Amino acid sequence: MTMPKSNEPCWCGSGKKFKRCHKDSAPLGIWDPTVRKGNVTPQRSVPANIVRPDYVENKGRPKRNNYPLIKDASTIARMRSTNQATAQVLQEVGRHVTVGITTEELDVIAHDAYIARDGYPSCVGYGSYQKSVCTSINEVICHGIPDDRPLQEGDIVNIDVSMFREGVHGDCSATFFAGEPSETARRLVAVTEDCMYLGIKAAKPGGKLNEVGRAIQDNAEKHGYNVVRAFVGHGIGENFHMAPSVLHYFDRSARDTIQPGMTFTVEPMIAVGTYEYYVWDDEWTAVTADHGLTAQFEHTVLVTESGIEILSRP
């Protein structure tokens, strides 16, 4: 996407002219995309002996959505085990991030790593998604589909790994460097990781869930960045996505109480420019509207009586 001219419609879809909408807030010099769509291979098979989540046989939609918000001891034990295995997959894939490797090759590594751990890649068959991980490069906020584009010198890539095993899902992500990153990229990635951990630290038993968003937003804006609003953390367990929704910015109305036994993700997406976005015609890949860099980190956490346990820490 190239920057609109002053009298052309704004990219955000407001119907206003660009000069009267986002022109003054658009960061300069980053309107040309660094990431273009590559070729995507067909869905890879999973051995029949590996248990699938129910949505695989139900056109991508979960059959049941009423699992309890508060997990029992058995579910928590399975969440610990599955999230540890998920974290191992993320580590394994991350070690292979280098200039010249394609995100398709990273997807193959992840796919094989799930199967080696008797796990099913949660993304495969979730809605219309067919790949084993999401690979989001540079201006791609999230849900990037692995393809044959080789990573370039200085690229940053978020790898989002999700596994179904033992009847529950694990979920975590991190942003990696291909080659030597720019100082802008290095700083963004460091601040984004700090935002995630500050959000986790703010999640206190008996507290309000919006304190997670407050901590993340305060830190991001202190460094001159913006928090992406459109994509949020989520409860996780027997279902891939469930209550509660975890906003990464402060919303006074998001006052759910954090209770022991909850498991949810904290996964802020932080942008150097606007948090506005658009989605490619693949209906998954979300990109910052100004093509500014964005980064993300994610952990799955458990609320205990005394605090927070990070389940997806390797």
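The questions below concern a predicted model.

Q: Why is His299 called buried?
A: The relative accessibility of His299 is 8%. Buried means under 20% relative accessible area, and His299 therefore counts as buried. This residue is placed in strand S14, which spans residues 299–303.

Q: What makes the pairing of the side chains of His299 and Ser312 a polar contact?
A: The two side chains are joined at 2.7 Å, and a polar contact requires a pair of N or O atoms within 3.5 Å. The side chains of His299 and Tyr197 are likewise joined by a polar contact, at 3.3 Å.

Q: Which residues is His299 in contact with, leaving aside its neighbours within four places in sequence?
A: Among them are Asp171, Met196, Ile200, Phe264 and Arg313. Contact here means heavy atoms within 4.5 Å.

Q: Why is Lys5 called exposed?
A: Lys5 has a relative accessible area of 62%. Exposed means over 50%, so the term applies to Lys5. Lys5 lies in the segment before helix H1 (73–94). The C-alpha atoms of Lys5 and Phe18 are separated by 6.9 Å, with the two residues 13 apart along the chain.

Q: How many nonpolar, polar and charged residues are in the lining of the largest cavity?
A: The lining has 5 nonpolar, 2 polar and 1 charged residues. Leu209, Asn210 and Asp251 are among the lining residues. The volume of this cavity is about 40 Å³, and the structure holds 1 cavity of 30 Å³ or more.

Technical notes
Residues numbered from 1 in each chain as written. Predicted model: local features only at pLDDT ≥ 70, side-chain atom pairs only at ≥ 80, totals over all residues. Heavy atoms only, no water. Helix = DSSP H or I, 4+ residues; strand = E, 2+ residues; numbered from the N terminus. Buried < 20%, exposed > 50% of the residue type's maximum accessible area, 1.4 Å probe, protein only. Polar contact = N/O pair within 3.5 Å; in protein donor to acceptor, adjacent residues only side chain to side chain. 1 Å grid on protein atoms, 1.4 Å probe; cavity = no way out; pocket = protein on both sides within 12 Å on 5 of 7 lines; lining within 4 Å. Points joined across faces, edges and corners; volume = space filled by probe spheres on them. Nonpolar A, V, L, I, M, F, W, Y, C, P; charged D, E, K, R; others polar.
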